[in-house]
Protein chains: 2
Amino acid sequence: MGRQLTIKEIAARAGVSSGTVDRVLHNRGKVSPDKEEKVRAILDEIDFKLNIHTSVISIKKNYELVICTPEYSQGEYWGAIDSGIKSALDEFNDLSIVSTHITYDQFDANSCHKAYAQILKQNPDAIILGPIFEQETRSLCQDLDNRGIPYAFVDSTIEGTNPIASLMADQPAGGRLICRLLESFTGTDNEILLCRPKQAGSEQSYNYSKRLNGFYDYVKETGRTGKVKELFFSMDDSEASAQAVISVLKQNPGIKGVAILNSRGYFIADILAEHGLKDIKVASFDLSYNNVRCLKNGSISVLLSQRPMTQGFISVRAIIEQLIYRKKEKTFIKMPIDILMKDNLPFYKDLPL
Amino acid sequence: MGRQLTIKEIAARAGVSSGTVDRVLHNRGKVSPDKEEKVRAILDEIDFKLNIHTSVISIKKNYELVICTPEYSQGEYWGAIDSGIKSALDEFNDLSIVSTHITYDQFDANSCHKAYAQILKQNPDAIILGPIFEQETRSLCQDLDNRGIPYAFVDSTIEGTNPIASLMADQPAGGRLICRLLESFTGTDNEILLCRPKQAGSEQSYNYSKRLNGFYDYVKETGRTGKVKELFFSMDDSEASAQAVISVLKQNPGIKGVAILNSRGYFIADILAEHGLKDIKVASFDLSYNNVRCLKNGSISVLLSQRPMTQGFISVRAIIEQLIYRKKEKTFIKMPIDILMKDNLPFYKDLPL
DNA sequence: ACAAAGAGTGTGTCCGTGCACAAATATATG
DNA sequence: CATATATTTGTGCACGGACACACTCTTTGT
């Protein structure tokens, strides 16, 4: 290993003062080309890294961080992301980062538009985005790029943008996996029912459609003999949905498994439980409060989770590394997709670390 | 939030000097009872935490850390734990911690004894233990307790010791889970074959026996109709083992699933693959190189993993928190048991964070 | 009674970086 | 050429905690 050179030592080697090295390091300008080159040469040669700890204690600036995600209730997906963010901010609390949380309605593009306008007005030092609307987000990112404000994505990423970090699960893989699981549970010959939510936003969501692709890719590739039947349901009218589900199942006794490719599995599971259909396996996404309840009582067999808390945590860390430690590498991580069943559920606190 | 108070501010409030606060914080003694109480009162009131960064800068001591685990080859369980440890040490490299790795033969109590003697001789500041032998470890821990040297367990914990941290998976839950998975895959009526290794150490290992308990607990509780058949195999004689496995399966065509409760699933999976028994589901533990190969080629259906890398990482962090930041809380974490299938495998880098 | 030892307390320096400000040098202007 | 104005460069203090050391006040031993 060997100790790192300090800024002063580098300054000595380059025949300049520590202030000049500092200016080069932080691109503050006001350095003559020849001296800058000398310093850069040494920096490259020794692969200099700032001492994180000393940097932190001497930084005077207050950083403003804006987090912008869809609205959420307690115990839901976005809430978990948020608590990961909070926990990271807590860990880095010596840094005097002020964070603001702006939320928007994930079913209303206009509310997203407003939220983004608010961000631009606030002009923060960095932003964590949970994006739903492609157009709006792309446009926002354009502005941010122009202003040189770094931003990170959680949950999903919008193409044609330049985030400094992106934390998301591979959604097609999730779709494939849920199909593989249900098939494993029910046998390759039996039918699977795919319950698709009618609600406006969910179906158009980028994540949902990717999962759907993955699901059907798996079906195609494996050439499974059992068919996949689709049923659209609306959460607004539980009565009608319940009737629809039950009638499909009665008419198709070959259906042994049900997939719900978003976090609404509990809605279907409750219907099945109410009608005593215990042998039908239900698989869905996310450890929301209701889904967990159903997994515990057995009405859901398996849940897939994409480590929302870890996503939040890492996004903050990436921002800080970029902002404070001037790290250049970007953080693009495909989160693991965790498979949750009754027995391993209790241990998934989704540790931020 | 609001900023943390500094030591000097606390000193001012308590009407003492910063030195006195420092002595209280680090239990260095030489503080009169009345002043100590005053300081402690304030500390409790404001939930004081040391500023990590400043601490790191000003600490002069060199810490010696010993890691003691069973020997391992590349790409195996203990290797993953070790790389988690390395990655944590890397992250805290400003702390000048010198680490030594001592290994022992997990099938030879005497080699473990020697390793432990070596530890005591080296008299380090902290130890991370991957324990296999109960007696030896308990005795070591006794000595360490007497000397006041903190130690942390990874992989499993020995009863009757006082570690400052313990990172392990809930083994019974793992046993239950593997049984539930196989049952889900093969149906509750079909038989399951439990392949048990004959090798001396494995069977006695604490983890193994706990998994076995969990496995049979699940069988009992669910009252599954399909039987569980046991077969002992030896890795030393592949020919004989292969013959034994195949003959059992021929004689019991009702067997649709095979469980191996340690990391040797690939051994059985390879035998099945060689004999074209593709429809039998194999489930095992750990993301060792060979198991991953089998999961990819389909000869293993599912693997359970206990985040070895994370275990290693957190153990170091816990030690550092104890040693440097004088944190008092102990870190007892039951690691999540990850379920790995072909589709989610690629994303399990087992990020240390 | 006086020295020595010990307990309790405060002071000051160091760590490496950030940043404001002073100093030095270069360039422009009349 | 002198002076004003940029531009570049150097200097010094602050950040917050660790720890060595010095200082004061008691206690103990002779």
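# Sheets, contacts and DNA surfaces

Me: In which order do the 6 strands of the open sheet in chain B lie?
Reply: The pairing in this open sheet is mixed. Two strands pair if DSSP finds at least two bridges between them. Strands (E, at least two residues) and helices (H or I, at least four) are DSSP runs numbered from the N terminus. The order is E7-E6-E8-E9-E10-E12 (chain B).

Me: What pLDDT do local features need in this predicted model?
Reply: Residues are numbered from 1 along each chain as its sequence is written, while chains are lettered from A and ligands numbered from 1 in the order in which they are written. The model is predicted: totals for chains, interfaces and linings use all residues, side-chain atom pairs count only at pLDDT 80 or more, and local features need pLDDT of at least 70.

Me: Which residue in E10(B) stands opposite Ser284(B)?
Reply: Strand E9 (residues 281-285) and strand E10 (residues 302-305) of chain B run parallel and are joined by 3 bridges. Opposite Ser284(B) stands Leu303(B).

Me: At what angle does helix H11 of chain B run to E7(B)?
Reply: Helix H11 (residues 238-251) lies across strands E6 (191-197), E7 and E8 (255-259) of chain B. Axes are lines fitted to C-alpha atoms, for helices over the stretch in contact, and angles run from 0 to 180 degrees between N-to-C directions. For H11 and E7(B) the angle is about 165°.

Me: Why is one side of E7 and of E12 of chain A left without a neighbour in the sheet?
Reply: Chain A has an open sheet of 6 strands with mixed pairing, in the order E7-E6-E8-E9-E10-E12. E7 (228-233) and E12 stand at its edges, so one side of each has no neighbour, as each has a single partner strand.

Me: Which residue is the bridge partner of Cys195(A) in E7(A)?
Reply: Strand E6 (residues 191-197) of chain A runs parallel to E7(A), with 6 bridges joining the two. The partner of Cys195(A) is Leu231(A).

Me: How many residues of domain 3 of chain A are in contact with domain 2 of chain A?
Reply: An automatic or database domain assignment divides chain A into domain 1 (7-49), domain 2 (63-169 + 308-336) and domain 3 (171-305). The C-alpha centres of domains 2 and 3 of chain A lie 30 Å apart. Contact requires C-beta atoms, placed from the backbone, within 7 Å. With 8 residues on the side of domain 2, the number from domain 3 is 11.

Me: Which element gives the largest share of the side of chain A that touches chain B?
Reply: The contact takes 27 residues from chain A and 28 residues from chain B. H4 (52-58), H8 (171-186), E11 (331-335) and E12 (338-340) of chain A each give two or more residues to this side of chain A. The largest share, 6 residues, comes from H8(A).

Me: Which element gives the most to the surface near DNA strand C?
Reply: A residue is near a strand if its C-beta atom, placed from the backbone, lies within 6 Å of it. DNA strand C is surrounded by 26 residues, with Ile7(A), Ser58(A), Ser17(B), Gly19(B) and Ser32(B) the closest. The most, 4 residues, comes from H4(A).

Me: Which element supplies the largest share of the surface near DNA strand D?
Reply: DNA strand D has 26 residues around it, the closest being Ser17(A), Gly19(A), Thr6(B), Ile7(B) and Ser58(B). Among the elements supplying at least two residues are H2 (18-25) of chain A and H1 (7-14) of chain B. The largest share, 4 residues, comes from H4(B).

Conventions:
Two residues are in contact if their C-beta atoms, placed from the backbone, lie within 7 Å.
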